[in-house]
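Q: Could you take me through how strands, their pairing and a helix crossing are read in a structure such as this one?

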Amino acid sequence: MGGALSRQAPLVASPPTETPHAPRILLLDFYDSFTHNLAALLRSSTGAVVDVVSHDRYSTLLELQADLSYYDALVIGPGPGSPDDQKDIGIAKEMWTTLPKKHLLPVFGVCLGLQSLCLAFGGQLKRLEVVKHGIISPVTHTGTDIFEGVKDINAVRYHSLHVDMRGVVGGEMEELAWVVDGGENGKVLMAARHKTRPYWAVQYHPESVCTEGGGERVVRNWWRLACEWNARNGRTSRLQPAVPNRGMSVKPRSLLERAILRQNSSAIASAMVAPEIHQVHYTTILAPQLLPAQICEILGAGNQSNDFVFLDSAAAPGRYSIIGVVSEVSTQILRYHAGAANVELSTLGQLPRIMETTPLQVPGTIGGCIWEFLAKFMAKKQVPKEMGPAESPFWGGLIGYISYEMGVQSLDISVGARKAQRPDVQLMYIQRSIVVDNWSRNVYIQTLREGDEEWLESTKSMLQLAAEMPITPSPTPPLNFSSNISSASAIAEALSKASLDVPKSAVKIIRPQKERYISNIRKAQEYLAAGHSYELCLTALTEIHLPLPSPNAWTLFTNLRARNPAPYAAYMRFPDVTIVSSSPERFLSWTRDGLCQLRPIKGTVKKTSTTTLEYAKSILYTQKEMAENLMIVDLIRHDLNQVAHEGSVRVEKLMQVEEYKSVYQLVSVIEGRVGPLPSSTMDKAERNPKASVSPPPVTGFDVLARSLPPGSMTGAPKKRSVELLQGLEGEERGIYSGVMGYWSVCGGGDWSVIIRTAFRYDDENGIKRPDNAFNTSTTNDCQRETTARDSEIWRIGAGGAITALSDPEGEWDEMEVKLESTLRAFIG
């Protein structure tokens, strides 16, 4: 399992605020996707050190008891499943009633924690008649105990199960808060405390970004009561050993630091980060009429024998278009198959193409997996921030894609038997590049090679000539431009009228079966009702069979770009796969200074001639659509809070409607910061005592490695949702639902979610390349097998988030809207 990312907390020092006598809280994680939001709330509200540990680290209550003496309080976090299912709740099920008095300590439960607590003391577990996932409800409370001084509460709920205490006579539990769902569910318990033991719990999620009034103040009250109980009972926590025996932690080490710490030799460790590149050589031109697509055509994008990578910002809020200038003699390709023990490296243009395999050091762990390999690869390529063009986001580096299954495998979930051995990670190392600033119209021509002045000057001259010449027709069909087209707007208009010259009747489209898709929606809703997930992002693949001879892939891309311009579009031609994308969704970007941004999309309305922005808002600002978006926002905050600097995670934009060429979408923006802390705030414990310099900090790439697959394509909680979706969908998603983008030598990166995208595998289309490692042909052209074939196969994925409020017919319609936006590139 060479790509597996351990979800257990690694062995690291506590945050800089810790002192030898700092209070500590143990937070048990039940594989929820909001746990690290809860940890952040606990830290900010209590000032305590919070250690997050997976609940199944403890197989017996005795193991837990051995660690409780190091803590001042325990938190039982939320999670999927049921509190009466041992595999879901683990040792917490027996802890409430059997924890010996000498080990007793204050406990706070959230969601699953409240249900487990109340169930242990006589409550009845029931299903809600109307499930509440991502729903905000007003909470009525006693105004006492943990609600002392708390006024109005509007709380986010993520539950389909609840506990009824009304049948318990003379019980040990005291109700503190509830909601009244009227005719839906009646009165539902929202908070309770044990009358004699220091146990408190809430059903709602105090850590959600949309919970108002019931978050920080309630946690502070609980912490005050917990500290008072400890003082009355003379309970104090012991000082933890320097290296805790059970692997407690707060924040993970970076991938690169892990690699360095495993080296026995300081010389080897130093060599791992010794820079190979010292500066970027570049030149610029101002070219208002030179479009990125024109530059691509000048560089041969229309030739199907050429490998090519193009990241295109064809609409707001995108700004830069990035062209990787591929060299057929020196560009390296890195390939990896999920679960493999080796990474493959090769150089384009070599005949025969030679694959160099590099073994991963410790397959199956975060330390020796593909992610660490890539971190080490790029560590030697990093260029100081002042040694390149400040305005250009990409100076050279890795460009490519990471499949959905790679993300699945990094969750420690088996991807099962594979039908075909296709790469799950495929990246080109780009040394020459052209970046177009679509706002200023500056064009940056860049190289990482020393002595490459001739290429810089010749490329500059070529582009200047193209920019100064009248616009001429493109040699690539279907762009039949007349010679009098002389402006960017005219080109865009002509593109919008382009045709593939393929009769619709000749194109065979194999869509998902509606009956099966709707059946899967109903099954998904049953999982939601049983408490196994809050939201499931169900998808399906469509096959397009284009008759031969088919339009080349660049033509398909320009057609898609014209009909569905998007801020995170891309054209990628690798030796074994071709991708044409018009993705509107940024997954993750990070600046060279460590500012990370994610832009999840949940909620879609099709644009028609009569659709207005106000109409779209009336559809998207409904309880169902906003609940979908909120669940993913909270999930992404959790992903960021795992590694980002404490207190830096912010929701900068919450559920705003954005307009695109073919749809309106509900978009949120979440940001957090990684990178080195100022030396004045870094605790000595964070430093490696054997090192003369600070350890490599967490980077945006660490965030990427720990956040896949994209939460907007899985649902929440992520791990359980992915497992359920595997059973429902019954097929690999492949490239679809993965991510594509770049990691620059300047330290920045930008990755989009692979949606509104079509892709083609060469192996199933009989396409042979001269530089393919498994191809013995000595010809220099891209060829097809001589086996009789009458069509070329492309795939498009589409789907939607299924919630308890979903209407199956409406979800089918939404899936088709998303599919059509890409399908139009093939059938007009």
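A: Two strands pair if DSSP finds at least two bridges between them, and the elements themselves are DSSP runs numbered from the N terminus, helices being H or I of at least four residues and strands E of at least two. This is a predicted model, in which local features need pLDDT of at least 70 and side-chain atom pairs count only at pLDDT 80 or more, while totals for chains, interfaces and linings use all residues. Residues are numbered from 1 along each chain as its sequence is written, and side-chain values use heavy atoms, with hydrogens and water left out.

Q: Which strands does β11 pair with, and in what sense?

A: Strand β11 (residues 308–312) is joined by three bridges to strand β12 (residues 320–325), the two running antiparallel, and Leu311 stands opposite Ile322 of β12. With strand β22 (residues 568–573), β11 pairs over five bridges, again in the antiparallel sense, and there Phe310 faces Tyr571.

Q: Are the faces of β11 covered or open?

A: A residue is called buried under 20% relative accessible area, exposed over 50% and partly exposed in between, with a 1.4 Å probe and protein chains only. Five of the five residues of β11 are buried; Phe308, Phe310 and Asp312 lie on one side, with Val309 and Leu311 on the other.

Q: Why is β19 described as largely enclosed?

A: Five of the six residues of strand β19 (residues 442–447) are buried, so the rest of the structure largely encloses this strand. Strand β10 (residues 281–286) runs antiparallel to β19 and is joined to it by six bridges, with Thr284 opposite Tyr444. Strand β18 (residues 432–437) also pairs with β19 in the antiparallel sense, over five bridges, and Ser433 has Gln446 as its bridge partner. In the hairpin of β18 and β19, four residues lie between the strands, and Arg441 takes a positive phi near 70 degrees.

Q: How is the angle between α15 and α20 to be read?

A: Axes are lines fitted to C-alpha atoms, for helices over the stretch in contact, and angles run from 0 to 180 degrees between N-to-C directions. Helix α15 (residues 553–563) and helix α20 (residues 808–827) pack at about 130 degrees, with their axes 8 Å apart. The two helices are therefore oblique to each other, since angles under 35 degrees count as roughly parallel, over 145 as roughly antiparallel, 65 to 115 as roughly perpendicular and the rest as oblique.

Q: Which residues of α15 and α20 meet?

A: Taking contact as heavy atoms within 4.5 Å, Leu556, Asn559, Leu560 and Arg563 of α15 meet Ser821, Thr822, Arg824, Ala825 and Phe826 of α20.
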